[in-house]
Amino acid sequence: MEKMFNDVYSEKDNVKDTNWDKVETLHNKKIESLDEYAEKLDRIIEQKEYNHWNSVEDQERNRKLIDNYDYKKRTADKVSLYTQRSILLENRECFDQDNLNRIWSEIGSNKLEIYNENKFAQDLANDSGKYKVVGLRDTRDGRICVKDTDNIKRLSHTATHETMHDLSFQKKESDSNIESDESGKSIIYNRERFISGIHVAETKNIEINGQIEAKKIEHANRYLNEGFTELYTIREMQKRGENPDFDSYSQEVGWAMQIEEAVGEEIVADAYFGGNLEELKDEFNRMSRIENAWEFINYHIDRYHTTNLVKHKNAVDVVLRELETDNAFVRVRRRV
Ligand SMILES: [Zn+2]
């Protein structure tokens with residue numbers, strides 16, 4: 001009998017030591033929050049379930065093609081949850097309710113999957129040029145896909161990076177305008193905007209008589225968004241005692257750090273996790289002497305990523321260096 005109490009109260013072996021007042025309060029509190037509990041259950045029941053595979057056979061085939069699948073999947077899911085917890089604890093005030101509700105409804109939804117190398121390359125992303133794609137987050141439905149690797153550190157890094165994208169601010173907008181020309185043909189202008197963190201992707205197309213005639217995709221702040229994603233990722237890994245490799249988006253991480261240093265952590269977190277991009281943009285432009293400095297550096301950051309031409313890197317560096325010098329000047333002046 002005594003042993004049983006030991007199990008329940010773990011450290012105390014004397015029942016008399018139990019603080020019954022405290023137990024009573026806890027008990028009442030539980031009863032009081034039954035409504036809350038029911039609400040929580042409802043939300044769990046309504047939870048989203050991600051389907052990465054068309055059939056159970058496909059899923060099994062994938063699992064068999066991956067050595068130690070269960071261990072890898074557990075590791076990736078674990079770091080993903082650690083990241084979520086840590087970011088929410090630290091930046092809770094930046095998140096809007098819609099994003100929190102979404103994140104909540106997706107816990108345990110099998111959002112993350114490890115894909116065997118062939119499947120990943122065939123269906124999701126080919127390695128092109130100098131880039132080795134190791135993971136992605138689907139902007140449309142939020143699926144996180146990680147390419148199989150026996151390098152567990154890499155796997156953890158990729159899962160953390162993609163989870164960071166998933167935690168960042170998300171918004172989808174779309175609208176259509178219908179017009180008719182003289183001959184009665186209908187022309188539809190479709191516009192879709194995806195915002196993920198500070199990355200804005202806008203797709204525009206023109207539909208004439210049901211046929212898509214022209215399509216255009218425009219990105220803004222795309223690779224600076226990767227810089228912030230990787231910067232937050234590196235910090236998370238360091239917090240967990242893991243040593244991250246600094247091998248992805250290293251230039252963009254450097255720029256992200258410089259910008260964060262200049263405008264402050266809060267403004268960056270508000271934009272990245274809370275969608276307050278305007279404040280970041282305005283603050284950056286206010287601090288710079290160059291007109292539209294934000295648009296200017298982001299154009300060159302994105303161009304540098306795709307062309308690797310040093311003139312684009314120099315253009316960004318000049319603006320950031322000026323910003324630094326000016327801030328140093330402001331700081332000195334204030335002190336005097
Ligand atoms: Zn990324």
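In strand E3, Cys145 is the bridge partner of Leu136. Before starting, note that this is a predicted model: local features need pLDDT of at least 70, side-chain atom pairs count only at pLDDT 80 or more, and totals for chains, interfaces and linings use all residues. Residues are numbered from 1 along each chain as its sequence is written. Helices (H or I, at least four residues) and strands (E, at least two) are DSSP runs, numbered from the N terminus.

**Exercise 1.** Work out the strand order of the open sheet and find its edge strands.

*Solution.* Start with E2 and E3 (residues 144–147): 3 bridges join them, and they run antiparallel. Two strands pair if DSSP finds at least two bridges between them.

**Exercise 2.** Decide where the buried residues of H11 (residues 265–272) sit around its axis.

*Solution.* First, list them: Val268, Ala269, Ala271 and Tyr272. Buried means 20 or more other C-beta atoms within 10 Å of a residue's own, with C-beta atoms placed from the backbone; exposed means 12 or fewer. Next, check the arc, taken from the directions from the helix axis to the C-beta atoms. It is only 160°, so they are on the same side of H11.

**Exercise 3.** Do likewise for H13 (residues 293–307).

*Solution.* Pick out the buried residues, among them Trp294, Ile297 and Tyr304. The buried residues of H13 fall within an arc of 165°, so they line one face of the helix. Then turn to the other side, where Thr306 and Thr307 are exposed.

Methods:
The expected span of a helix is 1.5 Å times one less than its number of residues.
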